[in-house]
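Please open the model in your viewer and keep the sequence panel beside it, so that each selection can be followed in both places.

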Amino acid sequence: MCAGFNITDKQVEFLDDETLQLVLERSDKLAASSLEQLRNSSDRAYTLFGFLLTIFSGVTAYLLNCEDLAMLIIGCTLWIGTGIATGMMFSKVIQVHRFKNIGNDPKMFITEDLLQTYKTNKAYRHMLLVAAIEESQECYEINAQVLRERAKMVGHVMSVIKATVIAVALLSILVKVSLF
């Protein structure tokens, strides 16, 4: 269960199955949304990584044949910046990350012992709904945390890219001015 969220005994007694079912449906929608956002962010992260890797590879190939000192300085600056950004993406963003699936493993809830308990005690369904709500909250919190961490790292990568673009632009101006 989620360490930060537990339905209290008073709430368990007060809330009926119909209300718990409504809460579960809403919380499952939130958890599903967080999982979908995590999938979308993975797609975007791989696209950004591919873009950066392409630039890095192209600049590397250019630098291998570059003989002009001014262009070599500008190219090296671009190479270092895209290299750092590519490394950050590779090591911190596109790696396999933790996530939590929505729902529960049915084989854990449909055992012979539990079916016997359900036949004799209707509170089983009630407690199953309570546990499912807590599990849905845990799912949301785990996926949302992974998403926040990924967004933070992509923000850092974007800062490196911006700094690289500014450095390349300034170096280009300095090279152009020094040539005249």
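**Before you start**

This is a predicted model, in which local features need pLDDT of at least 70 and side-chain atom pairs count only at pLDDT 80 or more, while totals for chains, interfaces and linings use all residues. Residues are numbered from 1 along each chain as its sequence is written, and side-chain values use heavy atoms, with hydrogens and water left out.

**The whole chain**

Show the protein as a cartoon, and you will find five helices and zero strands, which read along the sequence as the pattern α-α-α-α-α. Helices here are DSSP runs of H or I with at least four residues, strands are runs of E with at least two, and both are numbered from the N terminus.

Switch to a surface view next: the accessible surface comes to about 11800 Å², and 65% of that belongs to carbon and sulfur atoms. These areas come from the Shrake-Rupley method with a 1.4 Å probe, and for residues only the protein chains shown count as cover. Of the 180 residues in the protein, 30% are buried, where buried means under 20% relative accessible area, exposed means over 50%, and partly exposed lies in between. Among contacts between residues at least 6 apart in sequence, 88% join residues at least 24 apart, a contact being heavy atoms within 4.5 Å.

**Helix α3**

Select residues 69-93, the 25 residues of helix α3, whose end C-alpha atoms are 35 Å apart, in agreement with the 36 Å that they should span at 1.5 Å a residue. The expected span is 1.5 Å times one less than the number of residues in the helix.

How many aromatic pairs does a search of the whole structure find? The search finds two, counting rings of Phe, Tyr and Trp (its six-membered ring) whose centres lie within 6.5 Å, with planes under 30 degrees apart called stacked, over 60 edge-to-face and the rest tilted. Select phenylalanine 56 and tryptophan 79, a stacked pair at 5.3 Å centre to centre with 20 degrees between the planes. Phenylalanine 56 lies in helix α2 and tryptophan 79 in helix α3, so the pair ties together parts that are 23 residues apart in sequence. Phenylalanine 56 is partly exposed at 22% relative accessibility, and tryptophan 79 is also partly exposed, at 34%.

The rule asks for a side-chain nitrogen of Lys or Arg within 4 Å of a carboxyl oxygen of Asp or Glu, and by it the count comes to one salt bridge. The two residues are three apart in helix α2, about one turn. An α-helix has 3.6 residues a turn, so residues three or four places apart point the same way.

Serine 41 is also found in helix α2, and it counts as buried at 10% relative accessibility. Leaving out residues up to four places away in sequence, serine 41 touches Leu147 and Arg150.

Isoleucine 133 has its place in helix α5 and is buried, with a relative accessible area of 4%. Show leucine 24 as well, which is 109 residues away from isoleucine 133 in sequence but 5.2 Å away in space, C-alpha to C-alpha. Apart from neighbours within four places in sequence, the contacts of isoleucine 133 include Phe5, Ile7, Leu20 and Leu24.

**Two loop residues**

Move to aspartate 16 in the loop between α1 (9-14) and α2, where this residue is partly exposed at 41%. Aspartate 16 and histidine 126 are 110 residues apart in sequence and 7.6 Å apart in space, C-alpha to C-alpha.

Finish at asparagine 101, in the loop between α3 and α4 (112-120), which touches Leu35 and Cys139 when residues up to four places away in sequence are not counted.

Notes: Buried < 20%, exposed > 50% of the residue type's maximum accessible area, 1.4 Å probe, protein only.
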